[in-house]
Amino acid sequence: MNFDFFNDESRELLKFISEALFQDLHADESLTVHFRGEDTEYVRWNQSKVRQNTSVLQRNLSFEYHNNGRRLSKSFTAQGVLEWDLITAREMLTEARKEAQALPPDPFLVEFTNHGTSTSEYRGHLLEGEDLIKAIASSAKEVDMAGLYAGGSIATGNRNSKGQNHWFANESFFMDYSLYNQQLAVKSCYADFQWEQNKFNESLNLATQQLEATNRPRKKLAPGNYRAYLAPPAISEIASMFAWGPLSYRAYKNGANALKKLQDKERKLSAQFSLSENFHLGLTPRFNSLGELAPEKMHLIEQGELKQLLVSSRSAKEYNALGNYASSSEAPRSLEIAAGSLSKSKIFKELGTGLYLSNLHYINWSDLQNARITGMTRYACLWVENGEIVAPIEDMRFDVSLFDIFGDGLLGVTDFQEIDPSVDTYFQRNLGGRKLPGMLIRDFNFTL
Amino acid sequence: MTHFNFESSISKFKNQVDWLSLRFYREKSHSYFVRNEHLEECRTELDQGVMIEVMVNGHLGYAATSDMTTDGIKQAFLRAKKLSTHASAYKAANFTLEQRPPSRGKFQSPYLHRVSTLAAEEILDILMRSSQSLNVSERIVSRYAATEVKETQIQYLSSGGAEWEQELQLVETKFQATAQSQKDTQTRSFGNSVQGGAEVLRNAELIDQCKVTAEESLELLEADNCPTELMDVLLAPDQMQLQIHESIGHPLELDRILGDERNYAGWSFISSDDIGKLQYGSKLLNVVFDPHQENEFASYAFDDTGNPAKFEFLIKDGVLLRGLGSLESQKRLGVPGVANARASSWNRAPIDRMANINLVPGSSTLEEMIASVQKGILLKTNKSWSIDDYRNKFQFGCEYGQLIENGKLTRTVKNPNYRGKTLQFWNSLKAVGSPKTYETYGSPYCGKGEPSQVIRVGHGSPCCLFSNVEVFGGLS
C-alpha cells in the first residue's frame, strides 16, 4: 500500500469514527479519540540472508472517555470497514458509560480542551519487493551481516470532542544492522525518508573498515577504573535510562527518580552537561496523548543544574505544580544532550590511554537512589594506548553513577552530535530518537 | 464487504504457494491500576488480527493484517507471497513441511470462573482494599495495586491439514509499597502472572500480603546497606525466576546460537557442540521445559507453528541435554529442541522463545539450607537485572536481603546485589530446596526479536543455595 493511500484511509477512519462518537455523546460526556497505525515491511537478516520477512498492516483506535469527573479508556483494532469499526466503537462507548458508573471521580482529571489543529505528513521514497531485497542482499554479500530493515508508513493522530485535531504521518525506514568478524562486531544504522543506495553502501563500507580493528587479538582487562571515551551510540544507551524516571516529576514525588539528589541540590553534575527536550529534531510529533503541544525546546538540565522536570498536566494537578505538557509517562520524547568543544580529530589524543567504547548493552539501575547503573560493553570496544588503537577488548561489566560520569568525571564533550533514530519495534514501529555527542570520562568503573 | 472465512481462504490461496497457514489471534484485556487509593487507570483493549504464513521455494514469509475482510486477507496473502518469493532467492535456510506438522486439537487453560465474570466494581474494590492495606504508615509515599485480566483465543488452519484452537484465561497482578524517610527511599513489592480465572484475584490472602509488603519496605528504610564480600547466596523462588530466565533460558535459545538475534538481544556462549556434553551446573541442577504445568503462565498444547508441546529435560544432573529451539532451528542446527516457536500476537512471526522453564525441586528444607551457611544472605524479589549479550556476565539486584550468620538468619539489609558468570554460578549450586519451597512465577515482559515482541513466560523453582558469590550493596 502506498503512503498516500494508507494515510488517507487512516485519516478518514479517525475522522469517521470520532465524529460519529462525538455526535453520540451526552451533555456530561467528553471524549478524545486516538489513532495509531503502520503499514510496514520488516525484513530480518542473518549472515546477509533473509531469515524472515513480515509485512504488517495494522490500525488501532482508542478513546479516553470522561463522564462527570470519571475517566476510563478503551481501544480496539480496526478491521477495515468503517461501518464495522463504528459498531465496535459504539459498543465500547456503551460499555464505557456503564463502567464509569462504578468508578470513583478522578480528583486529578485533566479536562479535555481544544489544543488546536496540526497536520504533519512526510512522504518518503522507499524501495519495495524485489528491489528492496536485492538492494540490501547485493551490497552485503561479502560481509556477515545481521539486522532488521523496517520501512513503510506510520501514522498517529487524535481528535477530541472540544474540536482538537492533530495528525502526524510519515514514510520512512531504518536498516539497523551489525557486521561480524567471528564473535566481534560493529554496529550501524542507516535511516532516512528516501533510500539512496550509495548512502547505504557508504554506511556498509564504513562499518566494514571499522571491523578491521577487530582483527587483532582481544585484550582482557582487569576490573578497575579506566579513562574512557563513549561514542554517541554508547551515550545513547545510557541516555535511554532517562526514560525510566530521572526526568519525571511524578517519579520524584514517588521516590522513583534517580536524580532526586540533583533536584534536592545534594549532588551536582558537570557544567559541561546540558540536556533538553528538543522537538526541532523532527523525529516525533510535539502533541501528546491529550493533544497538548509541548514547547519546541525545553532545557531540563543546563550546565549541570536541573532547571525543570517533565511534568504532565495530570501530575501538575495532583501535586499543584506547573505542567509543561509532558507525555503521561513523563519520559523524554525527543532528548538532546548538548555538544561541547572536543573535536573529532582530538578524541584519541585526549583519550590517551584508555577505552574507546562504541556501544553499551542492557543497562539497569544498580542503586537507583544514587543514580548508579550497571551494564555491559558491546560490539567494537577498543583498548587505546597513547592515542593509538591497540586491540578490541573482551566484554566488561561496568557499574557507575550518573553523578560521577556526568559530574566531576566528565572531562569533555564532543563538538559534534549524532542522531540516534528509534529502532523500537515493540507492538509497532515507533517514532522518535535522540541527538547525542560523545563524551570523555575520567573513571569508568569496570567490575567484572 | 464480508468477514473472511478460514476454510475458503485456505482453499483459494493454497495452489499459489507451496504451503500456507492462517493464524487468527484475539485478545481482550482489562487493566486497572490504583495508586494511593486513587484509580489511575481503567482500560479495555481488544486486539485482533490475522497472520498469514506462506512457504515459497523452501522459504517461510509472513503478512499480518488487522483488515479482516475477504479482500483484506487476500491483499495480505498477496503481500506475503510477493515478498517471500523475492526473499526466497536469498533465504537463510531451506524448510519443508516437516517444520509445519498437521496438528489438530484444542487447549483450554484451567479456571474456575472466567475472568469476564469480574465486574469493574469488584476489581476496583479488591485494588482499593489492597492499596489501603499497603497504607501502614505516613512514610509509605507510594502504594501501587494493579491487575490485568485477559482472555485470548488463537485459531490456526493450514493447507497441510493443521487445525487447532487454544483459549487462555490470564491474570496478572502487581502490588508495591515505597517508603521514604529523610535519608532514603525503599520499595518492596509482590505479584504474579498466571493462567487462571477470577478466583486468582478473589484470593483474600492478597490483602494480607500487601500489609506484610508495606511493613518490609519500612524495615528496609532502617536497614544497613548490604555488605560487600564473597558469601553464600540463598535465592528465594521470586529471584530464582529471573536467574533461570536470564542465565538458563536465553542462552539455551537455538536462534541465539544460530545468530538470528545477534543484532538485537544478542547470541549465546553456548555452541551446538555443547549440547549433550556441557556441565552447565552442579549435579543438583535439573531444569525442564514443561508446557503442561497447570496454571503456569506459559502453558499450551501447540506452539505457533502447530508443533505439539511436550515435557522435556533441558538440563539433567547438571548436563545440558537440549536447547530451546523450534522445528526450524532444530533443522538448521541439527540438535534437539522443544515446541517453542511462539509469536507475541497476530502481528508477529513465531521465533524461538522460552515458555515454562522450571527448576526441579531437590530435597533440602529451607531450615537445612540456612543452617548449613556460615556467612551468607537470603535474597528475595528481583529489582534489577543486566547480563551481557552472550548471557555470561550478569548482575542482579534484589529488594530484600537477610544476612545468614553461623546458620541463622540475622539482620535485614537493603540494596543487595550480586554478580557472577553463568557457568561458574550454576556449578556453585550446593543445595536445592524441597517441593515445600517451590513456587511458580510468570512474567508478561520477555522481550526479544526483530521486529520486537514481548511474550509470556513462566518459571517455577524451589529456594536454591549457591556458594561463594560476589555480593555488594548500595552507597551509604
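Helix 1 of chain A (residues 3-24) comprises 22 residues and reaches 32 Å from its first C-alpha to its last, close to the 32 Å expected at 1.5 Å a residue; the expected span is 1.5 Å times one less than the number of residues, and helices (H or I, at least four residues) and strands (E, at least two) are DSSP runs, numbered from the N terminus. The model is predicted: local features need pLDDT of at least 70 and side-chain atom pairs pLDDT 80 or more, while totals for chains, interfaces and linings use all residues. Residues are numbered from 1 along each chain as its sequence is written, with chains lettered from A and ligands numbered from 1 in the order in which they are written.

Among the buried residues of this helix are A:Phe3, A:Leu13, A:Leu14 and A:Leu21 (buried: 20 or more other C-beta atoms within 10 Å of the residue's own, placed from the backbone; exposed: 12 or fewer; partly exposed: in between). Seen down the axis of helix 1 of chain A, the buried residues fall within an arc of 130°, so they line one face; the arc is that of the directions from the helix axis to the C-beta atoms. The face turned away carries the exposed A:Phe5, A:Glu12 and A:Gln23.

Between the chains, 66 residues of chain B are in contact with 66 residues of chain A (C-beta atoms, placed from the backbone, within 7 Å). Strand 2 of chain B gives the most to its side, with ten residues.

Terms used: Two residues are in contact if their C-beta atoms, placed from the backbone, lie within 7 Å.
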